[in-house]
Amino acid sequence: QVQLVESGGGSVQAGGSLKLSCAASGYIATTCGMGWYRQTPGKERELVSSISTLSNDGTTSYADSVKGRFTISQDKYKNTLYLQMNNLTPEDTAMYYCAMKTFTGWVCQYNHWGQGTRVTVSS
């Protein structure tokens with residue numbers, strides 16, 4: 001059973017920074033990627049950033065709204081995923097979720113989710 005536990009959320013003023021962490025435990029041998037999602041009330045969950053765990057270089061991707069401000073990274077030895085968030089704006093206020101992709105048959109998809117950590121950015 002995979003467990004994902006997020007931490008690092010909090011309240012900051014616009015322009016500030018936060019670093020989210022996601023500790024993964026359990027049977028994670030079949031992981032093919034990890035990502036950070038965020039969600040605000042009344043809106044669909046949005047993929048903020050993702051990183052491949054299949055390639056040695058850890059291919060990353062970002063939503064346009066966070067490019068140049070957020071950086072995703074991973075420490076494979078600690079089984080921990082990070083999201084460094086800089087120059088935060090009130091529009092970044094959301095619940096942030098860590099997610100893990102695993103193979104379902106031949107399909108690599110997000111099958112595991114953390115409980116979320118709240119980020120609040122005030123103007």
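Start by selecting the four strands of an open sheet, which run in the order β1-β3-β8-β7 with antiparallel pairing; strands here are DSSP runs of E with at least two residues, numbered from the N terminus, and two of them pair if DSSP finds at least two bridges between them. What you have open is a predicted model, in which local features need pLDDT of at least 70 and side-chain atom pairs count only at pLDDT 80 or more, while totals for chains, interfaces and linings use all residues. Residues are numbered from 1 along each chain as its sequence is written, and side-chain values use heavy atoms, with hydrogens and water left out.

Now colour β1 (3-7) and β7, the edge strands, each of which pairs on one side only. Strands of a sheet pair through backbone hydrogen bonds, either parallel or antiparallel. Between β7 and β8 the pairing is antiparallel and extends over 6 bridges, and if you pick I72 you can look across to L83, its bridge partner in β8.

A nonpolar core is a set of buried Ala, Val, Leu, Ile, Met, Phe, Trp, Tyr and Cys residues joined through side-chain atoms within 4.5 Å, where buried means under 20% relative accessible area, exposed means over 50% and partly exposed lies in between, with a 1.4 Å probe and protein chains only. This core has 25 residues, and L83, M85 and Y96 touch the most other members. The elements giving two or more residues to this core include β3 (18-25), β8 (80-85) and β9 (94-104).

Which residues does M85 touch, leaving out those up to four places away in sequence? Show its contacts, meaning heavy atoms within 4.5 Å, and you will find G16, S17, L18, L20, R69, F70, Y96 and V119. A second, separate core of 5 residues includes Y37, Y97, A99 and Y110.

Y110 and W113 form a tilted pair, 6.1 Å centre to centre with 40° between the planes. Y110 is buried at 18% relative accessible area, whereas W113, at 33%, counts as partly exposed.

Finish at R45, whose charged end sits over the ring of Y97, 3.9 Å from its centre; for Arg, this requires CZ within 6 Å of the ring centre and within 35 degrees of the ring normal. R45 also lies over the face of W113, at 4.7 Å from the ring centre.

Terms used: Phe/Tyr/Trp six-rings, centres within 6.5 Å; stacked < 30°, edge-to-face > 60°.
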